[in-house]
Amino acid sequence: MTTTVEPADARTKDSRTAPARPVEEELPPPPADEEDIPVPPGAPRALLRALLGPHRGRVATAMAVILLQQAALQAGPLLVAFAMDRGIPALREDDAGPLIAVVVAYLGCALIGTLLQWSFIKISARVNQDILLELRGRIFRHAQRLSLDFHERYTSGRIISRATSDVDALRELLSEGLQELLTVFLSVCSISVILLVLDWRLGLASLAAFLPLWLIARSFRRRSRLVYRRSRTSAASLIVRFTETMNGIRPVKAFRRERTNDAAFGVVNRQSAAATADGLLEIARYVGLSRSTANLWTTAVLLFGAYLVTDGSVELGVLTAFVLYLRRLFDPIDQLAMFLNSYQSAAAALEKIAGLLAHEPTVAEPAEPKELPAVGTEGRAVHFEKTRFAYRTGKEVLPPFDLVLPAGQTVAVVGATGAGKSTVAKLLARFYDPTDGRITLDGVDLRDLAGPELRRGVVMVTQESFLFSGTVAENIAIGRPGADRAEVEAAARAIGAHDFIAELPDGYDTDVRKRGGRISAGQRQLVAFARALLADPAVLILDEATSSLDVPGEQAVQRAMRTVLAGRTAVIIAHRLSTVEIADRVLVMDQGRIVEDGTPRELIDGAGRFAQLHQAWRDSLV
């Protein structure tokens, strides 16, 4: 078997912060987001249709309600015109009926409009919250479903930004922007018809204002699109920088990185502020131009209407209603500006969310899953058949190779950092799929196994031994969620973790807190082994399970390893050669190649690479 060295940049993500440099007075624009996920054509529209689809009925009801509300609202100026041209002359002749009828109708329209407005807000608010609830859930579920290679390429801050700031941008559009858009649209349509009916000459003169207003809005939309895309990218960069700093707070303090990180965060923060300020300037430019155009046009129409009144072709009440309608026609311009502001921000956010949700896992579930045969008493046999692996960049990590791991055998894989050990383990755990060839478990291709079936058969214990916030018992029960307390405690006793757990303040009910920070690294490792034992997998992968432990912790974990490995097929990725001694077989990898394969005793007694490593390890103990 031959392999190549696993590239460092493909294995880990460089999270180091660039050295501090003086912040310039004029900040450069933020760079293009190299971590942006490609967005397939039509994905944002498809996502929007999918989110609105289940709520068609309530959306239609809301539209009908706002239509009636606008009808009640737009009746006001007509009633004023009727009062001036009919009600007041009738009152002079001692007939108060028409004027009283106008007053009652005006108050009735105001009351009905208020009730309809309340109903619309109530219906639309519920629809909005249901959509946002579904969207956040989709993002969370999809992020968990995506393959490991995705999470190694894209920082967690980007995903957090999609579920927080981008969803908030959509919330602003749904809660305020759509109502403003509907109000403006219905107002413009209804008022345009009314103006033409009142007087076609004044109506045409008024509607001619839409040409310059449309050109102004078009210019704003084009200019602001780029601004808001930059704003969403800057917001994600802020979250990424903050998340990375807080997750690495220990090395930040250990290496006194506070000032450097503060300078780097300040640059990103100012870039975000600059992008936001550019958006506000675009709004100010739009509002100023549109408002000036509307005022000038209103003045011109008023002068033209005054001429028609003096000419006797238009009644004074009609001109009064005309002026009132003109104000209502042009007043929503500010509302339109706020909608366009929300729309551009939400469109950029929707584009990024749609890109995330459209991204399919590279490790996909099988279309027709198969089941594993009944497991024997010694685990399952693993075969690597002409298996080859290369990263997305095309750099080959493992050339084609064949490898057989008999059922019940414990195999240790050793070698220098970057030799490809962890890649072999990740392929067996199906965190990646091989580029060519296949890996079988008792003759069944891993790609033909559904996720739950695979995870029941293959379990991986990593160096970090990640624990979730919650009790010790809950963390152990992750291995088998249906296990009762007696089974959890039995697994802990078998591993040798019961004594330290019993000494915790609340025993098995002690909250380990974030990342298990309440207990030591060795204790976290024992909890992870208890979790693996409770899961009872046929194949167990230990990825450098003792590399970060002290001697007492390592000895405790090694005793636990002997328990958990019994009756299973196991692959141990080891840096410490003391861990290798419990293995039945050792594979030595060097520069991407398996250079030795044999029992620990055979390799120690030989003159090869493992013998040299073992002697160097023994010398280091003196």
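Start by selecting Arg201, Leu202, Ala205 and Ser206 in H7, then Trp297, Val301, Phe304, Gly305 and Leu308 in H10: these two sets meet, contact being heavy atoms within 4.5 Å. By class, the contact of H7 with H10 holds six nonpolar, two polar and one charged residues (Ala, Val, Leu, Ile, Met, Phe, Trp, Tyr, Cys and Pro count as nonpolar; Asp, Glu, Lys and Arg as charged; the others, Gly among them, as polar). This is a predicted model, in which local features need pLDDT of at least 70 and side-chain atom pairs count only at pLDDT 80 or more, while totals for chains, interfaces and linings use all residues. Residues are numbered from 1 along each chain as its sequence is written, and side-chain values use heavy atoms, with hydrogens and water left out.

Now show all of H7 (residues 200-207) and H10 (residues 258-311); their axes come within 10 Å and cross at roughly 165°. H7 is therefore roughly antiparallel to H10 (angles over 145 degrees). Axes are lines fitted to C-alpha atoms, for helices over the stretch in contact, with angles from 0 to 180 degrees between N-to-C directions. Helices (H or I, at least four residues) and strands (E, at least two) are DSSP runs, numbered from the N terminus.

Next, select the open sheet of six strands, ordered S6-S7-S8-S3-S9-S10 with mixed pairing; strands pair if DSSP finds at least two bridges between them. S6 (458-461) and S10 (593-598) stand at the edges with a single partner strand each, so one side of each lacks a neighbour in the sheet.

Within the sheet, pick S3 (residues 410-415) and S8 (residues 569-573), which pair in the parallel sense over four bridges. Ala412 stands opposite Ile572 in S8.

Conventions: Angles under 35 degrees count as roughly parallel, over 145 as roughly antiparallel, 65 to 115 as roughly perpendicular and the rest as oblique.
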